[in-house]
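Here is a short report for someone meeting this structure for the first time. Look at the fold, then read on.

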Amino acid sequence: MATLAALVLPRVEAHGYLWNPRSRSSMWKAPAYPNVPTNYNHNQLFCGGASVQQANGGQCGVCGDNYNDTQPRENENTGKYGTGMIAAEFVEGQTVNVSVIITAHHKGWFEFNLCELTNPQTFESETCMQKHLLE
């Protein structure tokens with residue numbers, strides 16, 4: 001199992017969400033995933049806001065949560081929205097079309113990383129996320 005993460009750096013102030021493949025925070029918006037928790041703030045995974053991120057030395061949780069939240073954070077695997085439901089599967093070498101919905105543009109860019117979860121009962125680490133930056 002791998003986790004796809006979208007990062008907006010260096011400071012996150014975005015309002016948007018990963019639409020395809022569906023992020024775990026946005027799965028509730030699709031009828032194909034009827035038994036996942038509703039996250040009405042799925043487009044606000046901006047590390048707790050600019051002032052919180054600044055207080056945390058620019059650090060964010062790997063899935064956009066406040067860095068200082070207790071792990072697993074809500075949007076990490078095993079967290080409130082990390083239910084283990086798989087939104088999509090891909091094979092090595094496959095081209096993946098990714099769609100992001102921006103609800104309020106505050107500049108920035110996206111980077112997509114893969115993290116192989118060898119244990120589905122644990123959450124993702126920053127080290128794991130940094131291993132596989134997608135082109």
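Is cysteine 115 buried or exposed? Cysteine 115 has a relative accessible area of 1%, so this residue is buried. Its bonded partner, cysteine 128, also counts as buried, because its relative accessibility is 13% and the cut-off is under 20%.

The model is predicted. The average pLDDT is 84, and 90% of the residues score at least 70. Residues 5-13 stay under 50, with 30 contacts beyond four places in sequence. Where pLDDT is low, the predicted coordinates should not be read in detail.

**Disulfides**

The structure holds two disulfides. In sequence order, the bonded cysteines pair 1-2, 3-4.

| Pair | S to S distance | S-S torsion |
|---|---|---|
| Cysteine 47 and cysteine 60 | 2.0 Å | about 100° |
| Cysteine 115 and cysteine 128 | 2.0 Å | about 110° |

The torsion of about 110° makes the bond of cysteine 115 and cysteine 128 right-handed. Cysteine 47 lies in the loop between S2 and H1, and cysteine 60 in the loop between H1 and strand S3. Both are buried.

Cysteine 63 is in no disulfide. The nearest cysteine sulfur, on cysteine 115, is 8.8 Å away. Cysteine 63 counts as buried at 16% relative accessibility.

**Arginine 22**

Arginine 22 sits in the loop between strand S2 and helix H1. Arginine 22 is buried but has no salt bridge. Glutamate 89, the nearest side chain of opposite charge, is 15 Å away. The arginine 22 side chain does reach the backbone oxygen of tryptophan 19, at 3.1 Å. Its contacts include Met27, Tyr33 and Ala87.

Technical notes. Residues numbered from 1 in each chain as written. Predicted model: local features only at pLDDT ≥ 70, side-chain atom pairs only at ≥ 80, totals over all residues. Heavy atoms only, no water. Helix = DSSP H or I, 4+ residues; strand = E, 2+ residues; numbered from the N terminus. Buried < 20%, exposed > 50% of the residue type's maximum accessible area, 1.4 Å probe, protein only. Lys, Arg positive; Asp, Glu negative; His and termini not counted. Salt bridge = Lys/Arg side-chain N within 4 Å of Asp/Glu carboxyl O. Polar contact = N/O pair within 3.5 Å; in protein donor to acceptor, adjacent residues only side chain to side chain. Contact = heavy atoms within 4.5 Å. pLDDT = per-residue confidence, 0-100. Disulfide = S-S within 2.5 Å.
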